[in-house]
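Q: I'm new to this one and would like to learn how to read it. Could you walk me through it, feature by feature?

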Amino acid sequence: MTQAASTPAPQQDRYSERLIVPWWWWLAGLAITAIFGYEVQLAAYREPWSVVAYPVIAALIGWGLYSMGRTPVRVDANGSLHAGKAMLPSEVIARGATVSAAQRSAAMGRQLDPAAFVLHRTWVKTMVLVVLDDPDDPTPYWLISTRHPDRVLVALGMGDAGRVPGQEPADRESGDEESGDEGHGKDDAAQG
């Protein structure tokens with residue numbers, strides 16, 4: 001028997017996405033690169049070495065946008081919720097609810113518990129709220145940005161505790177189908 005045959009195959013996540021920045025931020029980054037690069041050229045009296053400013057500024061802005069969009073949100077095969085580097089086992093999750101774009105301001109403002117775990121990205125309009133049932137953890141709930149809070153709850157194996165019967169699911173941000181989030185096909189299998 002070979003080593004590859006004896007190791008179990010890794011199980012696929014129930015849901016996975018990356019909270020990438022909107023595509024138009026990259027266009028804004030190009031515009032900022034052009035403006036600041038030109039300013040450096042003017043300040044250097046158009047010396048030949050001043051064109052180096054363009055790739056340097058582009059690299060810095062590109063690195064910033066890329067690093068902002070690296071945050072993963074996923075539910076693994078065991079039902080544990082991962083948000084960034086934090087992990088919440090499925091055994092301590094009591095219930096969950098979607099937070100629509102209209103409710104986000106209140107959830108992040110006057111209703112926010114200071115002891116809550118929050119992973120917020122301003123460019124993602126919807127969130128999911130996961131309530132904990134763990135006497136050893138002082139954290140009452142997790143509030144996490146996600147483009148598909150309903151899919152996260154389905155992957156966790158629970159319904160939306162905040163949904164009124166007959167009400168439509170949480171508001172989706174416009175253009176979320178073109179958002180480029182990873183695992184778009186993976187989480188469809190968890191629903192069916």
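Q: Leaving aside neighbours within four places in sequence, which residues is leucine 156 in contact with?
A: Contact means heavy atoms within 4.5 Å. Once neighbours within four places in sequence are set aside, leucine 156 touches Arg14, Val75, Gly79, Leu81, Ile93 and Val130. Keep in mind that this is a predicted model, where local features need pLDDT of at least 70, side-chain atom pairs count only at pLDDT 80 or more, and totals for chains, interfaces and linings use all residues. Residues are numbered from 1 along each chain as its sequence is written, and side-chain values use heavy atoms, leaving out hydrogens and water.

Q: How many residues does the largest nonpolar core have?
A: A nonpolar core is a set of buried Ala, Val, Leu, Ile, Met, Phe, Trp, Tyr and Cys residues joined through side-chain atoms within 4.5 Å. Buried means under 20% relative accessible area, exposed means over 50%, and partly exposed is in between (1.4 Å probe, protein chains only). Here the largest core has 25 residues, and Leu81, Leu88, Val130, Trp142, Ile144 and Leu156 have the most contacts inside it.

Q: Which element gives the most to this core?
A: Helices (H or I, at least four residues) and strands (E, at least two) are DSSP runs, numbered from the N terminus. Helix α5 gives the most, with four residues. There's also a second, separate core of seven residues, including Val99 and Tyr141.

Q: How many salt bridges does the structure hold?
A: Side chains of opposite charge can pair when their charged atoms come close. The cut-off for a salt bridge is a side-chain nitrogen of Lys or Arg within 4 Å of a carboxyl oxygen of Asp or Glu. This structure holds one: aspartate 13 pairs with arginine 74, and their closest N and O atoms are 3.0 Å apart. The partners are 61 residues apart, with aspartate 13 in the loop between α1 and β1 and arginine 74 in strand β2.

Q: Is aspartate 13 buried or exposed?
A: Aspartate 13 is buried, because its relative accessible area is 18%. Arginine 74, at 26%, is partly exposed.

Q: Which residues make the nonpolar surface patch?
A: Patches are made of residues with over 30% relative accessible area and no salt bridge: like charges are joined within 9 Å, nonpolar side chains (Val, Leu, Ile, Met, Phe, Trp, Tyr) within 5 Å. Areas come from the Shrake-Rupley method with a 1.4 Å probe; for residues, only the protein chains shown count as cover. Trp23, Trp24, Leu27 and Leu30 make a patch of about 520 Å². Tryptophan 24 lies in helix α2 and is partly exposed, at 49%.
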